[in-house]
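User: Could you help me read a structure? I'd like to go through a few parts of it.
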Amino acid sequence: MSTPPTGKHAPAPKTEEHLHLADRYIAHNYYPLQVVLAEAEGAWVTDVDGRRYLDCLAGYSALNFGHRHAGLLDAARDQLERVTLTSRAFHNDQLGPFCRDLADLAGMERVLPMNTGAEAVETAIKVSRKWGYDLKGLPADQANIVVAADNFHGRTTTIVSFSTDPLAREGFGPFTPGFRIVPYGDPVAMRDAIDEETVAVLLEPIQGEAGVIIPPAGYLPAVREMCTENGVLLIADEIQSGLGRTGTTFACEIEGVVPDMYVLGKALGGGIVPVSAVVSSDEVLGVLHPGNHGSTFGGNPLGAAVGRAVVNLLQTGELQERASDLAGVLDAGLRKFVGAGVVEVRSRGLWAGIDVEPTLMSGREMSERMLAKGVLVKDTHGSTIRLAPPLVIEQDDLEWMVEQLGAVLDEAR
Ligand SMILES: Cc1ncc(COP(=O)(O)O)c(C=O)c1O
């Protein structure tokens, strides 16, 4: 096990200096913990003052394979020596193989590459609307998409139009119409919301940002069935839940559900470059024609080379197996605290949401206290924290993290 930080290195002059710069020059659209990271390897990161921390957020799942994974760095370095950007005005020799391998991994036929998660979600929205007009014959501008309350799909104006989080919405109107919001996990509400002009249901199979909310068993299969019955596309936003996090390649697999479209991002870029994609069928992605949609950086050879290396890692199934093997350690470790400072634990694979007893401390305070113990975690809402360590984490390190959590709870009680 790596040596944990002692937390006794104060004062931390370089940290102070960077916090000052951040406060003065960076837009305050985030409220980061007071740690300034400078280096990283695997599941561990080091700050500018030389203190080490176990990264149990992993870039909100963008670092599923750990920091600076050797194979992914090799793929990036090789590509840096060749060509990094071509634009889609020309072909490049990385994009075809990447899209073939990704389609194959997902059991789909075609890929539309983008960069960030939000862009991929936007792409899925546009494609499903066009599919509705071109193939279902809906009247112009009448398509609707059903989404879930407490969703998180990104930050664009259209996406925040169907957010239920006031902080994400307020001050950003006017909003994009065409979305219906139903409670997450309620198949009856979903059925009631679907009508003849519904083109798609857009869901996270597990809601990450909301606090790792797992829908009731049978919900996803029920939604799959009603989508099929009504000729509606099921879009699975697996940007955070996908690519090994839950112990399966896609979280949908846990319930044996195959969507019509996967929306992927985060870990697809190996924590090195932003790479996102919509993965679907010939029929669905076939509605797009030259000029309908695009992105200057989407499908760039550097991103495609890294993305392909990511897909190749996942093709072996080893990381999914690792997440699945360690899932029990994480879950059992955390469950011990239920009734002892923790109200509820929800976990799948190496992903957990923990509701801390609100009278004890807020999620923010919990994150700060974990930071002092040498563990990076992030609160979501209120008293909930989210754990998403890199899938390459050592079992000893995972157990050590659980011990630190126990110590923080003990000290607060
Ligand atoms: C489920 C889900 N969808 C979409 C996004 C947006 O991705 P990005 O921040 O890369 O735009 C996120 C980011 O947290 C997410 O968790």
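Analyst: Happy to, and we can take a histidine, then a sheet, then the cysteines. This is a predicted model, in which local features need pLDDT of at least 70 and side-chain atom pairs count only at pLDDT 80 or more, while totals for chains, interfaces and linings use all residues. Residues are numbered from 1 along each chain as its sequence is written, and side-chain values use heavy atoms, with hydrogens and water left out.

User: Where is His 18 found?
Analyst: His 18 lies in helix α1, which covers residues 13-25 (helices are DSSP runs of H or I with at least four residues, strands are runs of E with at least two, and both are numbered from the N terminus).

User: And what does His 18 contact, beyond its neighbours within four places in sequence?
Analyst: With those neighbours left aside, His 18 is in contact with Val 36 and Val 48, where contact means heavy atoms within 4.5 Å.

User: Switching topic, what is the strand order in the open sheet?
Analyst: The four strands run in the order β1-β2-β3-β13, with mixed pairing, and two strands pair if DSSP finds at least two bridges between them. β1 (37-41) and β13 (375-376) stand at the edges with a single partner strand each, so one side of each has no neighbour in the sheet.

User: How do β1 and β2 pair?
Analyst: They pair in the antiparallel sense over four bridges, and Glu 39 stands opposite Thr 46 in β2.

User: Last one: how many disulfides are there?
Analyst: The structure holds zero disulfides, a disulfide being a pair of cysteine sulfur atoms within 2.5 Å.
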